[in-house]
Amino acid sequence: MNIQELHARLVADADREGLLDVAYRTVDTPVGSLLLAATDKGLVRVAFDSSGHDAALTQLAEAVSPRVLAAPKRLDPVAHQLDEYFAGRRTTFDVPLDLRLATGFRLAVIEHLPAIQYGRTETYAQVATAAGSPKAVRAVGTACAMNPVPVVVPCHRVIRSDGSYGQYAGGVEAKHTLLAMEAA
Amino acid sequence: MAISRFVGTRRLRGVRPFEEIVVEYGPMVLRVCRAVLGPVDADDAWSETFLSALRAYPDLPADANVEAWLVTIAHRKALDGWRAGKRRPLAVAEVPERATADEWRGDVWDAVAELPHKQRLAVAYHHLAGLSYREIAAITGGTEAAARRAAADGMKRLRATVEEKV
């Protein structure tokens, strides 16, 4: 066997033995290469190229488990749904999520975001109210910026009350691309 | 196994995803397995080594000597095989005809296979894995000086064999 075949066998063995704590792959999209990572519970991380895939993998190794392997199969369903989403054929994602990288108020914000429908937006203030802390507008900004699973959990649908886009983990350009695509 | 033994002098860095370990050291461990066990059993030994390493990896200190740790595991996997009679120390007749494209130079590997067991281990662990003689002695038993001598004798014999064939 060559080293690629041995790697594939290692991934299969690890999965069978319950040692594949974090599986990952990348997908090419209109907003650049996305890193997708999943635990056995669900999708745990989506990372933009601009913020560094290596940094995201190191974060996973430290915060979840160092047993991290390139293992595309576990990510096949979400990769397929992302393809459909970027082709305009899908408006919601239906994959299990593992939100362990978000806690407290940040988790409350992340859990509210899927309620913002495709093609719609909410302001940071509206999200603060929905998450139970009307005054925590800035904290909503932080929670969105640190969303562990952007695109799939749509933090890009949160904008400023003056209608401007505000910050985005994947850069303002990516946020504009996503909102323009959803508005079309 | 006492993982603390592998705390070395390597520079401290953050937690590395296991994938990086496979990519960085996988080819080296495969060469070592091939040299020690031959190409037939090398695949299984490599797979068992990395599965075992993956299991233990969360407990490995960040500054551990990863090469020595992996070679120690590979050595034990080979030893288990020999003890169980599952794998014999390599016989030349088992080396199959392999495409040279797979970095497999038949003549050199044949010559490695013909080395006495201790010399083959010392050559593989020092020249393929880059371990120090002290680390090799800790893995195979015996003294640092004996490991150094075995590697030197092995290399001498290898050169003679390969030159003879050329």
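A: One term to begin with: pLDDT is the predictor's confidence in each residue, from 0 to 100. You need it here, as this is a predicted model. For chain B the mean pLDDT is 83, with 77% of residues at 70 or more.

Q: Which helix of chain B has the lowest mean pLDDT, and which the highest?
A: Among the elements of chain B, helix α4 (residues 106-113) is lowest, with a mean of 81. Helix α6 (residues 133-140) of chain B is highest, at 96.

Q: Where in chain B is the pLDDT below 50?
A: Residues 8-12 of chain B are one such stretch. Beyond near neighbours in sequence, that stretch has 7 contacts in the model. Residues 91-102 of chain B are also below 50. That stretch has 17 contacts beyond near neighbours in sequence.

Q: And the scores for the model? What are ipTM and pTM?
A: The ipTM is 0.93 and the pTM is 0.88.

Q: How many helices and strands in chain B?
A: Chain B has 7 helices and 0 strands. Along the sequence the pattern reads α-α-α-α-α-α-α.

Q: How much of chain B is buried?
A: Of its 166 residues, 39% are buried. For contacts in chain B with a separation of 6 or more, 70% link residues 24 or more positions apart.

Q: Take α1 and α2 of chain B. What is the angle between them?
A: About 145°, with the axes 9 Å apart. Helix α1(B) covers residues 18-37 and α2(B) covers residues 39-56.

Q: Is that crossing left-handed or right-handed?
A: The crossing of α1(B) and α2(B) is right-handed.

Q: Which residues make the contact?
A: From α1(B), they include B:Phe18, B:Val22, B:Leu30 and B:Leu37. From α2(B), they include B:Pro39, B:Ala45, B:Trp46 and B:Phe50. By class, the contact has 12 nonpolar, 1 polar and 2 charged residues.

Q: Now the interface. How many residues does each chain give?
A: Chain B gives 20 residues and chain A gives 22.

Q: Which elements of chain B give two or more residues to that side?
A: Those are α1 and α2 of chain B. The largest share, 7 residues, comes from α2(B).

Q: What classes are those residues of chain B?
A: The side of chain B that touches chain A has 12 nonpolar, 3 polar and 5 charged residues.

Q: Over to chain A. Which residues of helix α6 are buried?
A: In α6(A), residues 137-145, they are A:Val140, A:Ala143 and A:Cys144. They span an arc of only 95° around the axis, so they sit on the same side of α6(A).

Q: Why does the spacing along a helix matter for that?
A: An α-helix has 3.6 residues a turn, so residues three or four places apart point the same way.

Q: What covers the buried residues of α6(A)?
A: The cover includes α4, α5 (124-130) and β6 (158-159) of chain A.

Q: There is a glycine in that helix too, A:Gly141. Why does A:Gly141 count as partly exposed?
A: A:Gly141 counts as partly exposed because it has 19 C-beta neighbours inside 10 Å, and buried would take 20 or more.

Q: What about A:Val151? Where does A:Val151 sit?
A: A:Val151 is in the loop between α6 and β6 of chain A. It has a positive phi of about 70° although it is not a glycine.

Q: Is A:Val151 buried or exposed?
A: A:Val151 is buried, with 23 other C-beta atoms within 10 Å.

Q: And A:Leu97, where is that?
A: A:Leu97 is in the loop between α3 (76-86) and α4 (104-112) of chain A. A:Leu97 counts as buried because it has 20 C-beta neighbours inside 10 Å. Leaving aside neighbours within four places in sequence, A:Leu97 contacts A:Gly42, A:Leu43 and A:Val149.

Q: Last one: is A:Glu17 buried or exposed?
A: A:Glu17 is exposed, with 11 other C-beta atoms within 10 Å. A:Glu17 lies in the loop between α1 (3-16) and β1 (22-29) of chain A. The C-alpha atoms of A:Glu17 and A:Gly104 are 33 Å apart.

Methods: Residues are numbered from 1 along each chain as its sequence is written. Chains are lettered from A and ligands numbered from 1 in the order in which they are written. This is a predicted model: local features need pLDDT of at least 70, side-chain atom pairs count only at pLDDT 80 or more; totals for chains, interfaces and linings use all residues. Helices (H or I, at least four residues) and strands (E, at least two) are DSSP runs, numbered from the N terminus. A residue is buried if 20 or more other C-beta atoms lie within 10 Å of its own, exposed if 12 or fewer, and partly exposed in between; C-beta atoms are placed from the backbone. Two residues are in contact if their C-beta atoms, placed from the backbone, lie within 7 Å. Axes are lines fitted to C-alpha atoms, for helices over the stretch in contact, and angles run from 0 to 180 degrees between N-to-C directions. A crossing is left-handed if the near helix is turned anticlockwise from the far one by less than a right angle, and right-handed if clockwise. Ala, Val, Leu, Ile, Met, Phe, Trp, Tyr, Cys and Pro count as nonpolar, Asp, Glu, Lys and Arg as charged, and the others, Gly among them, as polar. The arc is that of the directions from the helix axis to the C-beta atoms.
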